Amino acid sequence: MSKLNTNSNGYTIIFLVIMVVIVGGFLAGASIVTKPIIDKNIELDNKSKILKSVQYSGTEVIADYNSKIEALAVNAKGEIIEGVNGYDLIVKKEYKKPESERAYPVFIYTDGGKKNYILPLIGLGLWDEINGYVSFNEDLKTIRGVAFDHVGETPGLGAEITKDWFQDQFKGKTVYDKEGNYVLTVYKKGKSPEGESDIDGISGATLTTDGMNAMFSNCIPNYMNYFKTLKTSK
Amino acid sequence: MSAYDKLITDPLSVNNPITVQILGVCSALAVTSSLANALVMGVAVTLVTAMSNFTISAMRNYIPGRIRMIVQLVVIAFLVTLVSIALKAFVYDLSKELSVYVGLIITNCIVMGRLEAYAMANKPIPSFLDGIGNGLGYTVILVIVGVIREIFGSGTLSLPFVEQKLHLIPQALTDIGYQNNGIMVLPVASIFLIGILVWIHRSRNSELVDIS
């Protein structure tokens with residue numbers, strides 16, 4: 001043992017190779033073993049966010065999702081794409097395609113004969129992706145509720161978008177003004193004019209707030225044609 | 001036993017990782033905007049420092065000197081990734097809450113600082129205790145800064161995994177014109193606070209004053 005020369009080139013290389021194989025093998029194994037559990041957690045999380053955006057609070061998330069939510073996809077012209085389940089679409093990938101090829105997911109929640117339309121949102125915060133769901137009342141311009149999430153925003157600042165105090169502000173706000181222009185705005189904290197389309201932002205999280213505005217104004221107008229066809233078909 | 005006790009108590013004061021060793025300041029600036037964040041980060045760093053100290057110390061006689069830093073980093077990253085996978089699989093909500101902290105732990109200077117300064121030259125059990133001690137010393141400073149920043153920046157106190165916050169500023173005070181101090185919310189505030197802490201700490205401990 002005492003004769004082991006830990007400074008020779010051969011030893012160094014063998015040590016590194018063994019270490020990397022052990023560490024890599026262990027992590028790969030751990031990742032494979034836990035993948036089904038993690039996928040299930042992510043599915044549960046996504047579906048509970050969709051339900052949360054309509055302020056539904058049950059415990060049987062998957063069962064309730066299956067019975068209450070209908071997922072479909074629409075194109076930029078507002079036509080429903082047949083045979084596509086909106087939940088299976090990856091929103092991030094769709095937004096990278098040219099506009100004419102995109103499929104936008106829509107989730108319809110039926111509650112006592114009334115329909116709520118839930119749209120997925122995706123955008124950029126300060127450090128990484130922010131995303132969420134926004135649900136509309138039957139008039140198609142008043143928000144019923146929202147559920148946001150993020151990948152790496154700063155805890156206590158940008159990450160506050162996942163907290164109820166922030167999300168509750170969106171309830172009942174209108175996205176379009178009387179002329180049909182997109183108007184919803186998140187302001188700097190304390191600067192909000194308290195109108196029916198204004199939301200108080202988070203102090204110290206200016207870039208996340210800006211990202212929030214960009215996310216809404218990028219995503220929601222894509223559904224304008226779909227909402228128009230819904231209105232005319234009524 | 002007294003030597004072991006010192007391993008835990010020293011870093012709390014005379015050898016504090018932040019105010020004396022000046023390590024781990026970067027994360028102390030970033031995550032101290034509330035008490036809840038400070039506590040979570042403190043616990044996470046304590047665990048990782050103790051575990052990696054133990055692992056590195058156990059293999060210290062086999063690590064080739066020239067690549068010891070690489071080996072240390074691999075061990076830290078391995079432990080942190082393993083914990084992150086386990087959190088995602090078994091406590092998904094907690095893993096979302098911790099998201100950025102996990103990355104911050106890998107880059108935390110205290111972890112590597114203790115590996116270099118202590119674990120490479122000492123036996124596993126003392127190294128483990130040294131990790132716990134330094135993690136606690138880090139947590140103490142984080143909690144002090146976190147409490148001050150949260151009270152003056154947001155007027156609240158929060159605990160991890162408790163949605164309800166404790167509001168400390170009465171409405172009457174707000175009505176007569178009290179405002180939260182905006183700078184306390186930003187990381188800038190913590191550099192002033194940590195600076196003041198270092199100052200107070202040194203002026204009260206004559207052994208820390210460098211006379212040369």
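A:Asn41 touches B:Lys88 and B:Tyr92, leaving aside residues up to four places away in sequence; two residues are in contact if their C-beta atoms, placed from the backbone, lie within 7 Å. A:Asn41 lies in helix α1 of chain A, where helices (H or I, at least four residues) and strands (E, at least two) are DSSP runs, numbered from the N terminus. A:Asn41 counts as partly exposed because it has 19 C-beta neighbours inside 10 Å. A residue is buried if 20 or more other C-beta atoms lie within 10 Å of its own, exposed if 12 or fewer, and partly exposed in between, with C-beta atoms placed from the backbone.

This is a predicted model, in which local features need pLDDT of at least 70 and side-chain atom pairs count only at pLDDT 80 or more, while totals for chains, interfaces and linings use all residues. Residues are numbered from 1 along each chain as its sequence is written, and chains are lettered from A and ligands numbered from 1 in the order in which they are written. The pLDDT is the predictor's confidence in each residue, from 0 to 100. Its average over chain A is 85, and 96% of the residues there score at least 70.

The contact between the chains takes 24 residues from chain A and 23 residues from chain B. On the side of chain B that touches chain A, α4 (68-90) and α5 (92-106) of chain B each supply at least two residues. The largest share of that side, eight residues, comes from α4(B). By type, the residues of this side of chain B are 14 nonpolar (Ala, Val, Leu, Ile, Met, Phe, Trp, Tyr, Cys and Pro), two charged (Asp, Glu, Lys and Arg) and seven polar (the others, Gly among them).

Chain B as a whole has nine helices and two strands, in the order α-α-α-α-α-α-α-β-β-α-α along the sequence. Its radius of gyration, taken over C-alpha atoms, is 19 Å, close to the 17 Å that the globule rule (2.2 Å times the number of residues to the power 0.38) gives for 212 residues, so chain B is as compact as a globular protein of that length. Buried residues make up 39% of the 212 residues in chain B. In helix α3 (residues 35-58) of chain B, 19 of the 24 residues are buried.
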